[in-house]
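Please take a moment with the sequence and the structure that follow, and then read on for a guided walk through some of their features.

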Amino acid sequence: MEGSRPLELILARNLLASLSTPSFLVDAAGEIAFYNESAGRLLGRRYEDSGPLPAAEWTTTFGPFDDDGQPIPFDQLDLTQALRGNRPAHDRFCVRSLEGPMRWIEASALPIVGAGGYHGALVVFWPVDEDGER
Amino acid sequence: MRLRVWGARGSIPAPGPETTRYGGNTSCVQVELSDGSTLVLDAGTGIRPLGLALPRDDRPLHILLTHLHLDHIQGLMFFAPMFRPGAEIVIYGPCDPGCPESSLRSRIGRYLSAPLAPVEIRELPCDVSFQEAETTEWEIGPARIRAASVTHRGPTLGYRISDGGRSIAYIPDHEPGLGTPLQELEDEWMSGLELARGADLLLHDAQYTDEEYPRHLGWGHSPMADALTFARRAAVGSLVGFHHDPMHSDDQLDAMAAAGGAAWVARGGEPGGFALAGEGMAIDLAAGAANGARPSLRPAPAAAPDALLFDGGL
């Protein structure tokens, strides 16, 4: 039906809204459909203030960025490719908070697959230092 | 369309002197379509008296199951048309995304088979078939049926039935506010909202009082406040609270009905547009169809057994 998110994403949002681990939801089109309070604190902008974000806007605003500080297109991320192949993925990125400097994070992502096929992905992430330590 | 409630209790039948007015049978609602044919919503224990009361009819009987929890299928074994040679019965229900190869027939067959039942599906003399309900639209007689997955424990559907310019939404087991304050959710994130939007009548889970709900978080059912919030957001004409807790006596349900009715009006609903379902409750959606009038939510009759028998009308 038009105007309604798949139930699998709705349930995932309910879970994320209850987590203190920074996390976000990506829909099947690559839009950042939702991110939770913890993610909002880490990135410097609350979901309530931004709403859903197209992938291009997300990557230019928050990253991830390559070693030269250039945003990496969403479609070129290994993580994106893995998710679209219905495989979980884990990676380390450099992202930018609106309120501070660049920082490293590690992210784990799970594809969300239901009766209607691939609906998107659930991504949890946490800050690390350049060596990957928390 | 005309509706009659044959069971509105949730979880488990709750017969006894404290539940005579609202009834103790589990979920079952009869819908008479504009061509006189019958749809049945869920097959809780309320389907047993419905089956005894239904007149013989050569037309197929369609049963729409929201899900396969026992309180929604327990009456199937005792539905008289199932034992009538020549009766044609079509049962719809959700698919199981976790096990797509497990058919609706095989899943219902776990109940309709030994050691839980004395007969097997293949032994039934009627012509019964099973169809996984697509989460889309299809037609049954003059009605358009729409199904959508909703938030509950396990694969669960809500239904919308449209016929003759009127529409009913039936979402008896639903916890749309799980994990998130419902009033803060955007429309696109609210489970079941599109299914119910603008319906003339919504039958919706209202199992718990707001005080009880925190002890039952995640059980798949709604507190009264969420049922009201959901209904007002969906801009339905009327709301009938459904799936009563088996621990709630008639007196407790009366109190919930009074509080719910006041809250409905306080939230901008039309006076008289809220009620709790009770066995025998009849709602005629055809009356006033021309001007879109809100249906009258007649309360359940006062427990006279004869009042529960189908008399050719609802």
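**A sheet and the helices beside it**

B:Ile145 stands opposite B:Ile161 of strand E9 in chain B. This is a predicted model, in which local features need pLDDT of at least 70 and side-chain atom pairs count only at pLDDT 80 or more, while totals for chains, interfaces and linings use all residues. Residues are numbered from 1 along each chain as its sequence is written, and chains are lettered from A in the order in which they are written.

Strands E8 (residues 143-149) and E9 (residues 157-163) of chain B pair in the antiparallel sense over six bridges; strands, at least two residues long, and helices, at least four, are DSSP runs numbered from the N terminus, and two strands pair if DSSP finds at least two bridges between them. They belong to an open sheet of seven strands with mixed pairing, in the order E7-E8-E9-E10-E11-E12-E13 of chain B. Strand E7 (137-140) and E13 of chain B stand at the edges with a single partner strand each, so one side of each is left without a neighbour in the sheet.

Turning to helix H5 of chain B, B:Leu253, B:Met256, B:Ala257, B:Gly260, B:Gly261 and B:Trp264 are buried, where buried means that 20 or more other C-beta atoms, placed from the backbone, lie within 10 Å of a residue's own, and exposed means 12 or fewer. Seen down the axis of H5(B), the buried residues fall within an arc of 135°, taken from the directions from the helix axis to the C-beta atoms, so they line one face of the helix. The face turned away from that buried side of H5(B) carries the exposed residues B:Asp251, B:Ala258, B:Ala262 and B:Ala266.
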